[in-house]
Amino acid sequence: MSKLYIVGIGPGSKDYLTSAALNVVGLADIIFGSKRALDLFETKVQKIELDTKNMIKSFKDALGEAGNGKNVVILSTGDPGFSGILKPILKLNKDIEIEVIPGISSVQLCAAKLKIPWDEANIVTMHGKGISEDILDTINNEKPSIILPNFKPRELAQFLIENGIDRNKKAAVCEKLSYEDERIIEGSLEDIAEMEFNYMSVIVIY
Ligand SMILES: C[S@@+](CC[C@H](N)C(=O)[O-])C[C@H]1O[C@@H](n2cnc3c(N)ncnc32)[C@H](O)[C@@H]1O
């Protein structure tokens, strides 16, 4: 039976792709995904690249193709259910059967790299939403905060300092996790406020 599969690919390297993801992609008639997600799979089936401008139209096309009887895969970086594509697709979908294949989130890999038990952490995403003032209360609750910034860790660190958070607070940035040029930078909030990072970054405030 045709379905729409929403498949998490993990943080980016093939090392973190699950067998479940590979198996489902192997059965697909058509695959949608960002360039970095599509590049992980050598397949002859039709690939359609997602970018921020065509995202909603592509999701509608994907649902349409599944409605026409095709096995459709939409790839999501990390896990589809955390700051990923699951939410917008559920909003658009009325009657197509959907299956979600989980992936390893950038938050999980960041927690592993920094040896943070993440059941004791604040998990926050600001990705695409802007910096929310709620973060000021969250940061002050004694737990480490693992945050997907709104693209720039530097801007979040500056915002926190400008709003009274101690500039010497311990912080870290996990950049381009799982890629060959991965960087883990540990220092103070002030250090992070003065550095440039790739948009693929998770910030931790202790
Ligand atoms: C649209 S969100 C997707 C999050 C994804 N669903 C997850 O579970 O990791 C994209 C953001 O996730 C983070 N991210 C994704 N891949 C990453 C990686 N390999 N290293 C560091 N951060 C990453 C970055 O903050 C990036 O801007």
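## Basis

Because the model is predicted, local features need pLDDT of at least 70 and side-chain atom pairs count only at pLDDT 80 or more, while totals for chains, interfaces and linings use all residues. Residues are numbered from 1 along each chain as its sequence is written.

## Domains

The domain assignment, whose bounds come from an automatic or database source, gives domain 1 (4-101) and domain 2 (106-205). Their centres, taken over C-alpha atoms, are separated by 27 Å. Eight residues from domain 1 and nine residues from domain 2 take part in the contact between them, where two residues are in contact if their C-beta atoms, placed from the backbone, lie within 7 Å.

## The open sheet

Five strands, in the order 3-2-4-1-5, form an open sheet with parallel pairing; strands (E, at least two residues) and helices (H or I, at least four) are DSSP runs numbered from the N terminus, and two strands pair if DSSP finds at least two bridges between them. Strand 3 (46-49) and strand 5 (98-101) stand at the edges with a single partner strand each, so one side of each is left without a neighbour in the sheet.

Strand 2 (residues 30-33) and strand 4 (residues 72-76) pair over three bridges, and Phe 32 has Ile 74 as its bridge partner in strand 4.

## Nonpolar cores

A nonpolar core is a set of buried Ala, Val, Leu, Ile, Met, Phe, Trp, Tyr and Cys residues joined through C-beta atoms within 7 Å, buried meaning that 20 or more other C-beta atoms lie within 10 Å of the residue's own, with C-beta atoms placed from the backbone. In the largest nonpolar core, which has 30 residues, Cys 110, Ile 147, Ala 171, Val 202, Ile 203 and Val 204 touch the most other members. A second, separate core of 24 residues includes Leu 4, Tyr 5, Phe 32 and Ala 62.

Conventions
Buried ≥ 20, exposed ≤ 12 C-beta atoms within 10 Å, placed from the backbone.
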